[in-house]
Amino acid sequence: MTVMPSASFHHMTDADLNNIAAYIRSHVPGDGPELEVTAGPVARFLIWNGVFQPQAESVLEEAPWLVEADRQSGLGTGRYVALTACGECHGLDLEGSEGFSPGLAIAVAYTREDFHRLMREGKPVGDRELNLMRDMSLRRFSHFTDEEIDALFAYLQTLASEST
């Protein structure tokens, strides 16, 4: 489970984790594809030498613990959504990763309508082709409520003002 995005899941409230567990338990196990994942020699070397840390290692060191009270305001809900849904690709600090994902302060370039389109359809301003973001939008973010997207948008706007 080295690459499991534990750091992002760490931010979920107990209630949300319990809801996910209940949903998974509600499904009858069945035959499905078996996936065997093995680390090749380079990955094993990087893990052995501490270059590549399992995601779970960063949880206690870097990730703050959130509770239900942190979601009481719109900005709190936006922060919660950002940390649990966006941190996997954009980092725990939401500043992105060079060559992979932008910092989320980029949201300042979006109108509310453009941001909703990005989240629902994966279409950024200027209709650039963002394959991973498009896939994440269609598979995950399109299921967010309008209120969750609005809260996320409002929170990301504060990131832009903090970085200036």
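## A residue to start from

Which residues does Leu152 touch, not counting residues up to four places away in sequence? They are Gly78, Val81, Ala82, Cys86, Phe115 and Met119, where contact means heavy atoms within 4.5 Å.

A word on the model before going on. It is predicted, so local features need pLDDT of at least 70 and side-chain atom pairs count only at pLDDT 80 or more, while totals for chains, interfaces and linings use all residues. Residues are numbered from 1 along each chain as its sequence is written, and side-chain values use heavy atoms, with hydrogens and water left out.

## The nonpolar core

The largest nonpolar core has 22 residues. Such a core is a set of buried Ala, Val, Leu, Ile, Met, Phe, Trp, Tyr and Cys residues joined through side-chain atoms within 4.5 Å; buried means under 20% relative accessible area, with a 1.4 Å probe and protein chains only. Leu152 is among the residues with the most contacts inside this core, along with Leu94, Phe115, Met119, Phe141, Phe144 and Leu156.

H5, H6, H7 and H8 each give two or more residues to the core, and H8 gives the most, with 6. Helices here are DSSP runs (H or I, at least four residues), numbered from the N terminus.

## The largest pocket

About 620 Å³ of space lies in the largest pocket. A pocket is an open set of points on a 1 Å grid over the protein atoms alone, where a 1.4 Å probe fits, with protein on both sides within 12 Å along at least five of seven lines; lining residues have an atom within 4 Å of a point. The volume is the space filled by probe spheres set on the points, which are joined across faces, edges and corners.

Of its 19 lining residues, Met12, Asp16, Ile20, Thr84 and Phe144 are the closest to the centre. Helix H2 (14-25) and helix H5 (74-90) are the elements giving two or more residues to this lining, and H2 has the largest share, 6 residues.

## The second largest pocket

The second largest pocket holds about 490 Å³ of space. It is lined by 25 residues, and His90, Pro102, Leu104, Leu130 and Met133 are the closest to its centre. H5 gives the most to this lining, with 5 residues, and helix H6 (112-121), helix H7 (131-139) and helix H8 (146-162) each supply at least two.

## Helix H3

Helix H3 (residues 41-48) is hardly covered: among its 8 residues, the count of buried ones is 0. Just after H3, Gly50 takes a positive phi of about 75 degrees.

Key:
Buried means under 20% relative accessible area, exposed over 50%, partly exposed in between (1.4 Å probe, protein chains only).
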